[in-house]
Amino acid sequence: IFTVKPYSESFFYKHGAKKVLLVERSHSCNLLNKVNFKDFKYDVVFIGRYEKQRADDILYLTSNGVCVNIWGSGWNSVKSNKNLIIHGKPVWGGDYIDTVLSSKIVLNFLRKINNDVTTGRTFEIPALGGFMLSEFTIEQRDIFHEGVHACYFGSKVELLDKVRYYLKNDKKRENIAKGAKNKALSKEFCHESVISCVLDNL
């Protein structure tokens, strides 16, 4: 069994698996190398489903004057206001790429119900050249280093402080985004590398 979720290894062994191998999430490096930067239209965005803790953190930002745009399902219980623009639908494919590239800061939250320590966005945002501000986990930090490839927060206050700082410091933010793309498009995160690892362990 191959899995991208570290916590699931023990689950599979407990239920009779003979061998479980943890692999990294991957993406098409050839395709993403062709993605070009777009002009910024948004300060802060989040792309993903509603969860209460996510909403609480985002509402803390908006109540402190930060404008946040949200795409994703389940947000109909939260009302838009001048600082909170809820688009009421997910974005996929080219629209997803355009949204990330048109945003100064892209938030990344992890699903608590899944015990996630990384998510697809952990790799997608950097690979596209977006600036990722994510909930902190050791696993993410060990891949995308703080202040080099991404930035992290562990509280609402830290989230707000870093949003304000990086909205004011364009050069630092853009350098981190460039470093993130270089890291994310390195060979180890390309489909070919992960497929090769899987085939070698069959």
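Colleague: How many bridges join strand E7 to E8?
Modeller: Three bridges join strand E7 (residues 132-135) to E8, and the two run parallel. Glu135, for one, has Phe153 in E8 as its bridge partner. Strands here are DSSP runs (E, at least two residues) and helices are too (H or I, at least four), numbered from the N terminus; two strands pair if DSSP finds at least two bridges between them.

Colleague: Before I go on, what are the ground rules for the model?
Modeller: The model is predicted, so to say: local features need pLDDT of at least 70 and side-chain atom pairs count only at pLDDT 80 or more, while totals for chains, interfaces and linings use all residues. Residues are numbered from 1 along each chain as its sequence is written, and side-chain values use heavy atoms, with hydrogens and water left out.

Colleague: Thanks. In what order do the strands of the sheet come?
Modeller: The order is E5-E4-E3-E6-E7-E8, six strands in an open sheet with parallel pairing. At the edges are strand E5 (84-86) and strand E8 (151-153), each pairing on one side only.

Colleague: And what joins E6 to its neighbours?
Modeller: Four bridges join strand E3 (residues 42-47) to E6, and three join E6 to E7. Tyr42 stands opposite Ser103 in E6, and Asn108 stands opposite Ser134 in E7.

Colleague: Why is E6 described as largely enclosed?
Modeller: Because five of the six residues of strand E6 (residues 103-108) are buried. Buried means under 20% relative accessible area, with a 1.4 Å probe and protein chains only; exposed is over 50%, and partly exposed lies in between.

Colleague: New topic: what volume does the largest pocket have?
Modeller: About 330 Å³. A pocket is an open set of points on a 1 Å grid over the protein atoms alone, where a 1.4 Å probe fits, with protein on both sides within 12 Å along at least five of seven lines; lining residues have an atom within 4 Å of a point.

Colleague: Which residues lie nearest its centre?
Modeller: Ile47, Val91, Trp92, Tyr96 and Arg121, out of 16 lining residues. The lining divides into seven nonpolar, six polar and three charged residues. Helix H4 (93-101) and helix H5 (120-128) each supply at least two of the lining residues.

Colleague: Last one: which residues of H8 are buried?
Modeller: Arg173, Ile176, Ala177, Gly179, Ala180, Lys181 and Ala184.

Definitions and conventions. Points joined across faces, edges and corners; volume = space filled by probe spheres on them. Nonpolar A, V, L, I, M, F, W, Y, C, P; charged D, E, K, R; others polar.
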